[in-house]
Amino acid sequence: MPLSEHEQRLFDQIERSLAEDPKFASAVRASDPRFHARRRLLVAAFVILVGLALVVLGTVSSNTPLGVAGFVVMLGSAAFAMQSRRKGNAPDLHAVGGTASRRTRQTRKAGFMDRLEDRWRQRPEGHR
């Protein structure tokens with residue numbers, strides 16, 4: 001149902017007042033898991049670059065332990081980035097029928113063949 005003109009004006013006024021409040025904006029940003037995930041991804045990307053620099057420096061200076069350490073730093077940072085990305089894309093709460101309920105984890109993730117079989121079963125009937 002569309003809002004009346006009066007309700008729309010009130011809504012716009014509330015939106016402007018909330019947008020102008022920096023304390024409210026920082027509080028909302030601090031509670032947003034996507035903001036934290038994005039920040040962790042940026043930190044991970046920076047650490048990956050540092051690890052790459054260590055690998056190059058270890059190669060140029062013929063210092064094998066430094067190159068290996070750089071590779072381990074890159075690998076750990078990439079794993080951290082993937083974990084952060086997964087957390088940012090999967091919020092804990094989601095709405096079901098107008099109510100919020102906690103998402104339950106599957107006990108076993110579907111394998112490649114299981115996903116292919118599911119896609120095969122769900123294809124349109126005319127494409128056999």
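Predicted model: local features only at pLDDT ≥ 70, side-chain atom pairs only at ≥ 80, totals over all residues.
**Exercise 1. Trace the network of salt bridges that links E117, D118 and R121.**

Step 1. Residues are numbered from 1 along each chain as its sequence is written, and side-chain values use heavy atoms, with hydrogens and water left out.

Step 2. Apply the rule. A salt bridge is a side-chain nitrogen of Lys or Arg within 4 Å of a carboxyl oxygen of Asp or Glu. The count comes to two salt bridges.

Step 3. Take the pairs. E117 bridges to R121, with the closest N and O atoms 3.4 Å apart. R121 also meets D118, at 2.8 Å from N to O.

Step 4. Helices (H or I, at least four residues) and strands (E, at least two) are DSSP runs, numbered from the N terminus. E117 and R121 are four residues apart in helix 5, so about one helical turn separates them. R121 and D118 lie three residues apart in helix 5, again about one turn.

Step 5. Check exposure. Buried means under 20% relative accessible area, exposed over 50%, partly exposed in between (1.4 Å probe, protein chains only). R121 is exposed at 55%. E117 is partly exposed at 40%, and D118 is partly exposed at 33%.

**Exercise 2. Is R123 buried or exposed, and which backbone oxygen does its side chain reach?**

Step 1. Locate R123. It lies in the segment after helix 5 (112-121).

Step 2. Classify R123. Its relative accessibility is 16%, so it counts as buried.

Step 3. Find the partner. The R123 side chain reaches the backbone oxygen of W120 at 2.4 Å.

**Exercise 3. Describe the backbone and setting of S62.**

Step 1. Read phi. S62 has a positive value of about 55°, although it is not a glycine. Most residues other than glycine have a negative phi.

Step 2. Locate S62. The residue sits in the loop between helix 3 and helix 4 (64-89).

Step 3. Classify S62. At 64% relative accessibility, it counts as exposed.

Note on methods:
Polar contact = N/O pair within 3.5 Å; in protein donor to acceptor, adjacent residues only side chain to side chain.
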